[in-house]
Amino acid sequence: MNFNKRLSAIGALFALLLAAGPAAADFSLLNMTQGATDISRQVYGLHMTIMWICIIIGIVVFGAIFWSVIHHRKSKGVKPAQFHHSTTVEIVWTVIPMLILIFMAVPATKVLVDMEDSTEADMTVKVTGYQWKWHYDYLDEDIAFFSNLDQQSRIARLRNPAVAPGDVENYLLEVDRPLVVPVGQKIRFLLTSNDVIHAWWVPDLGWKKDAIPGFINEAWARINEPGIYRGQCAELCGRDHGFMPVVVHALSQEDYAAWVAEQSGDAAASAKPEEVVVQAAAQPGQQPAAAQADPQAASAELSRDELMAQGEQVYQANCQSCHGAAGEGMGSVFPALAGGAITTGPVDGHIDIVLNGSARNPAMAAFGAMLSDEQIAAVVTYERNAFGNDTGDLVQPADVQAAR
């Protein structure tokens, strides 16, 4: 009797928890998303089917265990049966699981085969992972650019009192330049990396692919509905792994054609500091070609204020993660820029290491392929006049162009 009361109390508590669940949380957020492609919805259907099969098996197995424990307990005077085995039972519990596995494996294999079939694509995009940004190269168009964490999220994550994380919409999930693609077309993705292993993951597309240095992985997607789809790097790739989101803008085919037209000519040449368009690589797996500045911009003379303002933005987007917000650095791998030998030494050496990296320190990336002449001039000027350095040196885009 005492046992039955306790069992009833446990059952009542479980019922209350189930009733309170919808008020406490949206349980749909805990499940896999249905996504925006046919593949993602097939994956979701498989997930739900297999989950319900597992739930039913769990109910049957644990139900039988609990029923047996309750109705054959020692307090009722039940004596244990004495037998060794049953051939019939062993055949049943071997055949039934085998049939269940076959039932699950056939549709799962079909979906996996479809996921790997990237042939007959309408367009191809090469995705290259960098620490800690993405480079997108439209191999069918003369369009290529880097995608960084957006400025507001970058400021907020540094605990700047001017911007709080709660004030930023899509905090840490927004970028300065999203990947733009058309709906209704089969898009082939070629994924690789320039430094360490990354993973390009957008849940609404229904798959995740590793980006590995020296290798090309393939995937594809056909997005059914216009919208904004967000993801992240899903492979631990360094200290700023959590700050390289993926954002995909899916447009109607008419809007996509208009966007492609906007990227050519003057629109590409007048890109904003963090939106420089670089020349596409000739072959998949190559690094992007060096960023090309507008010839007029290279010959322009920028004021100190202009260089410092733009340089601060470029520093925050590309250098701050390693060298610190105040140029304090992190040990010998990422040396301090405040009073450092590079930032207070010869200007030509400073420009060279930003352009080409460091042979002695592989952790120092070469930014010649990522930044324009104007951006490099600005960030070098900023580093030489910030953090208490105050060298008074001003670097112009023409100086960087001459050093390339």
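Modeller: Let's begin with helix α5 (residues 253-263), which lies across β4 and β10 in this predicted model. Helix α5 runs at about 135° to β4.

Biologist: What makes β4 and strand β10 (residues 245-251) a pair?

Modeller: Two strands pair if there are at least two bridges between them. Here 4 bridges join β4 to β10, and the two run parallel, so β4 and β10 meet the rule. One example is L179, whose bridge partner in β10 is V248.

Biologist: Which sheet do they belong to, and why are β4 and β7 called its edges?

Modeller: The sheet is open, with 5 strands in the order β4-β10-β9-β6-β7 and mixed pairing. β4 (179-182) and β7 (207-211) each have a single partner strand, so one side of each has no neighbour in the sheet. Neighbouring strands in this sheet are turned by 25° against each other on average, direction ignored.

Biologist: What is the strand order of the sheet that holds β8?

Modeller: That order is β3-β2-β1-β5-β8, again an open sheet of 5 strands with mixed pairing. Its edges are β3 (143-147) and β8 (217-221), because each has a single partner strand. The twist averages 20° from one strand to the next.

Biologist: How do you know that β5 and β8 pair?

Modeller: Strand β5 (residues 187-193) and β8 share 5 bridges in the antiparallel sense, and the rule asks for at least two. So they count as a pair. Among the bridge partners are I187 and, in β8, A221.

Biologist: What makes E225 and R41 a salt bridge?

Modeller: Their side chains meet at 3.0 Å, N to O. The cut-off is within 4 Å, so the pair qualifies. E225 sits in the loop between β8 and β9 (227-233) and R41 in helix α2 (residues 38-71), 184 residues apart. By this rule the count comes to 9 salt bridges.

Methods
Residues numbered from 1 in each chain as written. Predicted model: local features only at pLDDT ≥ 70, side-chain atom pairs only at ≥ 80, totals over all residues. Heavy atoms only, no water. Axes fitted to C-alpha atoms, helices over the stretch in contact; angles between N-to-C directions. Contact = heavy atoms within 4.5 Å.
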